[in-house]
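Biologist: Could you take me through the reading of a model, feature by feature, with the general idea placed before each case?

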Amino acid sequence: MNEARQHPDLRPAPVNALVLGGGGPAGVSWMSAFLDGLASLGLSVNGFDVVMGTSAGAVAGAWLTMQPQSLPLVPERMRERAITHLDAVRDGKVDKSLMQRALNRSAQGRESTLEIAQAAVAAISPVSAGEAESAWRAALPAGAWPRQFKVTAVNAHTGLATVWSARDGIPLAVAVASSTAAPGVAPPVHVAGSVWVDGGVRSTTNADMLAESAGNDDQERAGYATGSGKVVILAPRPTNNLALEEKLLGERGHRVRVITAEPFYKTPADLLDPRVIDMAAATGSSQARDLAAELKAWLSP
């Protein structure tokens with residue numbers, strides 16, 4: 001007989017998770033401002049058992065779990081990265097058609113994840129782990145990879161997604177570089193015997209991969225198995241996958257709260273535009289003020 005059934009007090013504690021979705025530099029700015037706004041209003045945003053980030057969410061999640069007091073500074077760092085993207089567009093170094101294909105794939109699933117991942121590798125030559133780390137180190141906080149923080153990326157050889165964590169033994173900056181390697185925009189990354197592209201190619205949120213994120217952590221796996229945890233999903237760019245992921249988590253018994261960005265951009269491409277950063281941050285702060293009390297009550301035991 002299951003020991004937890006014999007002794008109810010030994011049942012695994014529920015695992016509460018925060019899922020941070022993709023959305024370019026502007027999406028990072030919206031999430032950072034939103035999370036900082038919640039913290040300033042008395043809601044502990046760094047108390048989740050698991051924080052899982054995809055693409056932009058990988059960047060926001062790193063700051064949240066490693067240096068939350070610096071969240072107000074993140075939008076300015078993202079402005080610098082957005083300017084780099086804008087310069088690349090002007091210089092013809094961005095494959096706009098592939099970027100649009102990737103956006104269509106994550107939103108509607110018109111092409112397979114593998115097709116987009118392989119097209120990404122064909123469009124921009126992959127970089128080494130060392131090059132990827134150098135490119136991202138200055139945009140991320142210094143320090144050890146937090147145990148609760150996970151990052152998604154897609155294997156360009158198989159089309160399958162994985163969830164990186166500190167247990168994988170790769171630098172956090174390399175994992176973030178792989179998770180943010182948007183097709184046609186940023187180079188894929190050579191690491192761990194394969195080539196990796198943006199986790200957003202599979203889904204902008206990948207919330208259904210939370211169980212996989214537990215890896216070898218027995219406590220996390222047991223917590224997900226109980227289906228009694230709460231999951232907060234922040235989605236700067238919601239897609240059709242989001243409703244499916246919310247439904248799947250609900251069927252597993254989890255309580256799910258989805259928070260999407262109020263409109264601050266006209267097209268997904270605007271999320272790479274430095275001119276949108278201020279509006280993104282202002283919108284995040286405003287939504288935090290509107291939702292803080294309700295979200296605090298929802299998260300209470």
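This is a predicted model: local features need pLDDT of at least 70, side-chain atom pairs count only at pLDDT 80 or more; totals for chains, interfaces and linings use all residues.

Biologist: How many helices and strands does the chain have?

Modeller: Helices (H or I, at least four residues) and strands (E, at least two) are DSSP runs, numbered from the N terminus. Here the secondary structure comes to 12 helices and eight strands.

Biologist: What share of the residues in the chain is buried, and what share of the contacts joins residues at least 24 apart?

Modeller: Buried means under 20% relative accessible area, exposed over 50%, and partly exposed in between, with a 1.4 Å probe and protein chains only. Of the 301 residues in the chain, 54% are buried. A contact means heavy atoms within 4.5 Å; among contacts between residues at least 6 apart in sequence, 77% join residues at least 24 apart.

Biologist: Which residues does the "active site" annotation cover?

Modeller: UniProt positions are given in the numbering used here, with shortened feature names, and annotations may be inferred rather than shown by experiment. The unreviewed UniProt entry places "active site" on Ser55 and Asp198. They span 144 residues in sequence, yet no two of their C-alpha atoms are more than 6.1 Å apart, so they gather at one spot. Both Ser55 and Asp198 belong to the lining of the largest pocket, a pocket being an open set of points on a 1 Å grid over the protein atoms alone, with protein on both sides within 12 Å along at least five of seven lines, and lining residues having an atom within 4 Å of a point.

Biologist: Where is Ser55 placed, and where is Asp198 found?

Modeller: Ser55 sits in the loop between strand 2 (50-54) and helix 3 (56-66), whereas Asp198 is in strand 6 (residues 194-198). Ser55 counts as buried because its relative accessibility is 10%, and Asp198 is buried at 7%. Leaving aside residues up to four places away in sequence, Ser55 touches Gly22, Ser179, Thr180 and Asp198.

Biologist: What volume does the largest cavity have, and which residues line the largest cavity?

Modeller: A cavity is a set of grid points where a 1.4 Å probe fits but cannot get out; points are joined across faces, edges and corners, and a volume is the space filled by probe spheres set on them. The search of the whole structure finds one cavity of 30 Å³ or more, and the largest cavity has a volume of about 60 Å³. Its lining includes Phe34, Leu38, Val232 and Leu295, and helix 2 gives the most, with three residues.

Conventions
Residues are numbered from 1 along each chain as its sequence is written. Side-chain values use heavy atoms; hydrogens and water are left out.
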